[in-house]
Amino acid sequence: MKSFWLRFGRNKGAVAGLAVLMLVTLVALVGPWLAPNDPWGMVQQPFLRPWTEPGFAMGTDTLGRDILSGVIYGARVSLLIGAVSTVAALLIGVTIGALAGYFGGWVDSGLMRFTEIFQAVPSFALAIVLVAIFQPSVDSIVAAIAIVSWPPVARLVRGEFLTLRQRDFVQAALLAGESTPRIILTQILPNAMSPIIVMASLMVATAILLESSLSFLGLGDPNQMSWGYMVGSARTVLRQAWWMALFPGLAIVLTVLALNLVGEGLNDGLNTRLNGRTR
Amino acid sequence: MLTRVLQGLAAILLIAAVNFVLVRAAPGDPVSVLAGEAGASDAQFVAQLRTQFELDRPITTQLANYLGRVARFDLGYSYRQQQPVLKLIVERLPATLLLTGSAFALSLLFGVTLGALSARRAGTWVDSGITVVALVFYATPLYWLALMAVLIFTVQLDWLPGFGFSTVGAGLRGWALAADIARHLVLPALTLALFYMAVYARMTRAAMLEVAQMDFVKTARAKGVRPGRILRAHVLRNALLPVITLAGIQAGGMIGGAVLTETVFAWPGIGRLMFDALLQRDYSLLLGTFLVTAAMAVLFNLLTDLVYTVVDPRIELAS
């Protein structure tokens, strides 16, 4: 554990990313107390430029809603959807990958063919169609993102299981008469965790980008203020109000960048074999 | 090769079947889904549509008939636009192909060049600079990058048009028209390309550093092959394989990403059509665009497999 933090700390970008990520998480947690206004409330004149009125550092939108408050509230939806949909995608991907890698044979070829076909479908287009047909809500968005992002997990886990299955400790567990689910869950899976964790951190970043893109197209949850929705509502008034698009977009870039950096740091920290790698 | 084509066809058929299931699984009456809100008004009209969509038949017959229609390129009828779905899509196809094609070429060209430069100067400030740029573009939402590009290059500087496919009502022809379209193409293609450029740059750098450690490169160096030639003929050529594989997968995603770019730039392609279908709740058009997008992605994957055999003759298209 100590060596993990040593290796993680050596990656300066990862440390900075972790700091930003913790800040965003904090904002997401205490947002309602932090935000000066209700993000849906019309609290000022419309199209107010940033810094012209005290307390409105990011200006207001077409309806006079406070953009700063919207950005603060948006952190919550972005992180929530990013995290939950990643967990869901991991559940699907790990299950399919583990079954394929452990049992091999026709189970493997069947499941992998299924995964390949899924991977051939453009994920963003599929997500659009799923959310549009089942009506936009946090649930449908999480489900859609999970459905389009599990195939890489399945492939990764399958690969890990294929090699780990041949190792001596698995053979020993087999001889000791352990049941198959027990071997999969307590023997092989813990040893495959490192690459799964790294992939998961990058998937949260991708999921946040996907959610914001859906919201930008008007497919966000209508009851939640989100960054993508805010940029989307700026699209038609870009010439009049640049600030409406700028600030929520910057929030997305910062959060996603932080997550990607943390992912790289995790990779350095968890992957002991890469210690002497040229980088 | 034949198995590859068959696999592709199977994928498209499966997507068509998913489309079919989606319409039935959607909340509400399939009639209102298929006809948009047009079906909500009149009971007799709904009944007529029900027979027309064969919703009174057994579900297996419905599925078989639907797949049969897709195989004959009949993608249904858009009640909103009063036109067959396929006709609407075919009209928009050239614009999307132009946009994604140029974006694909740009992203590979810039991505591989930057990645190679970065790997060659690994550890220097050139490398760090390229890495940072790639990281930032990799984290930037496509649509936001597009909006910022419009703000800077259209609104502020007024260098390039940020809206549409060509100048409306200019009556241009021949080369003048081509130049006009090219000017309109610059911003959409660049913003679509930058995200993927970042992906390819990172991939190329990593792959080249890995290949550079291999024995055959050491052998070449020991033989006294010039460094530039080692880089191009030995390292880059082998490092390109994973990049091409990734590019083939990403190309499909690029067509999906075009929805965002085309929405921002009002580019008259399939993506914009998909957005319009979303706004108007025109589900048969939406599902039609989805099917065509997926089919294009499958086609792109097949093409990359072909390119693969050219770059690396060791690989055969057997499996």
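Start with the contact between chain A and chain B, to which chain A brings 33 residues and chain B brings 43 residues, two residues being in contact if their C-beta atoms, placed from the backbone, lie within 7 Å. This is a predicted model, in which local features need pLDDT of at least 70 and side-chain atom pairs count only at pLDDT 80 or more, whereas totals for chains, interfaces and linings use all residues. For your selections, residues are numbered from 1 along each chain as its sequence is written, while chains are lettered from A and ligands numbered from 1 in the order in which they are written.

On chain A, select α4 (105-120), α5 (123-133), α10 (193-216) and α12 (242-270), each of which supplies at least two residues of the side that touches chain B; helices here are DSSP runs of H or I with at least four residues, numbered from the N terminus. Among the contributors to this side, α12(A) gives the most, with 8 residues. Coloured by class, the side of chain A that touches chain B shows 22 nonpolar, 9 polar and 2 charged residues, where Ala, Val, Leu, Ile, Met, Phe, Trp, Tyr, Cys and Pro count as nonpolar, Asp, Glu, Lys and Arg as charged, and the others, Gly among them, as polar.

Next, go to chain B and select domain 1 (2-74) and domain 2 (91-318), bounds that come from an automatic or database domain assignment. The centres of these two domains of chain B, taken over C-alpha atoms, are separated by 34 Å. Their contact takes 13 residues from domain 1 of chain B and 14 residues from domain 2 of chain B.

Finally, on the side of domain 1 of chain B that touches domain 2 of chain B, select α1 (2-25) and α2 (30-34) of chain B, the elements that give two or more residues to that side. The largest share, 9 residues, comes from α1(B).
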